[in-house]
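Please keep the sequence and the model at hand while reading.

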Amino acid sequence: MDSLQYVEVETGNNIDATVIWLHGLGANGHDFEPIVPVLRLPDTLGIRFIFPHAPAIPVTINQGMVMPAWYDISSLELGRQVDETQLRASAAQVAALADQEITRGIAAERIIIAGFSQGGAVGFEMALSFSKPLAGLLAMSTYFATASTIEPNPANRELPILIQHGTMDPMVSIEFGQDSYRLLTEMGYPAEFVSYKGQHEVVAPQIKDVRDWFVERLT
């Protein structure tokens, strides 16, 4: 299994927490890098942000164009038909990054997984199946692609999950976020769902909520 390349940004002093943040289809690890200073996190929190780059693969719904993607999407009919084998492989690569952070001295309980769109679908699979208890999962404008096939690990049965979605998202309808919330609560996870006036994007009120949630999870 190839290791993911990534962008790394550190904030505060005495790094003792990590956020692994996954981008969406066609983007790369630099996509969310500018959000770090905008979060205005307190200096008392020493956080290492890791923004991995997805591999470049052909994407069926984009006429087979090669682009950064965590997995292939073959059709949007009946929801989204995704390549779950590729998705799980990407989740395993992200899990390897989390294990790497643990070897660097970060406790698993101080690692947050965040993901936007495709990255969020990988985040669901990785975080819920990870063998060590994590600090939280942030799922933005995304969907629970492997809800019917995932093998949850008991280590993350109490994982705090924050789902955020734009009310006018033309790419990933808000119904996908609402359905993810329903599925997770039915599975017994302490999930929270928040919607924002916006499209397939991250808006200012959402950034404030992310900041507050990070502080709550890591303080």
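## Serine 117 and its loop

In which loop is serine 117 found? Serine 117 is found in the loop between E8 and H3, where helices (H or I, at least four residues) and strands (E, at least two) are DSSP runs, numbered from the N terminus. The model is a predicted one, in which local features need pLDDT of at least 70 and side-chain atom pairs count only at pLDDT 80 or more, whereas totals for chains, interfaces and linings use all residues. Residues are numbered from 1 along each chain as its sequence is written, and side-chain values use heavy atoms, with hydrogens and water left out.

Most residues other than glycine have a negative phi. Serine 117, although not a glycine, has a positive phi of about 55 degrees. Serine 117 counts as buried because its relative accessible area is 9%, and buried means under 20%, exposed over 50% and partly exposed in between (1.4 Å probe, protein chains only).

## Other positive phi values

Asparagine 14, in the loop between strand E1 (6–11) and E2, also has a positive phi, near 55 degrees. Asparagine 14 counts as exposed because its relative accessibility is 71%.

Strand E4 (residues 56–59) and strand E5 (residues 65–68) pair in the antiparallel sense over four bridges, pairing being assigned if DSSP finds at least two bridges between two strands. The bridge partner of valine 59 in E5 is methionine 65, and in the hairpin of E4 and E5, with five residues between the strands, glutamine 63 takes a positive phi near 60 degrees.

## The largest pocket

The largest pocket has a volume of about 200 Å³. Here a pocket is an open set of points on a 1 Å grid over the protein atoms alone, where a 1.4 Å probe fits, with protein on both sides within 12 Å along at least five of seven lines, and lining residues have an atom within 4 Å of a point; grid points are joined across faces, edges and corners, and the volume is the space filled by probe spheres set on the points.

Of the 14 residues that line the largest pocket, Leu25, Ile61, Arg80, Ser117 and Met171 lie nearest its centre. The lining divides into eight nonpolar, five polar and one charged residue, with Ala, Val, Leu, Ile, Met, Phe, Trp, Tyr, Cys and Pro counted as nonpolar, Asp, Glu, Lys and Arg as charged, and the others, Gly among them, as polar.

## Nonpolar cores

A nonpolar core is a set of buried Ala, Val, Leu, Ile, Met, Phe, Trp, Tyr and Cys residues joined through side-chain atoms within 4.5 Å. The largest one holds 38 residues, of which Ile20, Tyr71, Met126, Ile161 and Leu184 touch the most other members. Among the elements that give two or more residues to this core are helix H2 (84–103), helix H3 (118–129) and strand E10 (161–166). A second, separate core of 27 residues includes Ile35, Leu41, Leu138 and Trp213.

Glutamate 101 is found in helix H2 and counts as buried because its relative accessibility is 0%. Leaving out residues up to four places away in sequence, glutamate 101 touches Thr18, Arg48, Ile50, Ile106 and Ile111, contact meaning heavy atoms within 4.5 Å.

Isoleucine 163, in strand E10, is buried, with a relative accessible area of 2%. With residues up to four places away again left out, the residues that isoleucine 163 touches include Phe124, Tyr181, Leu184 and Phe193.
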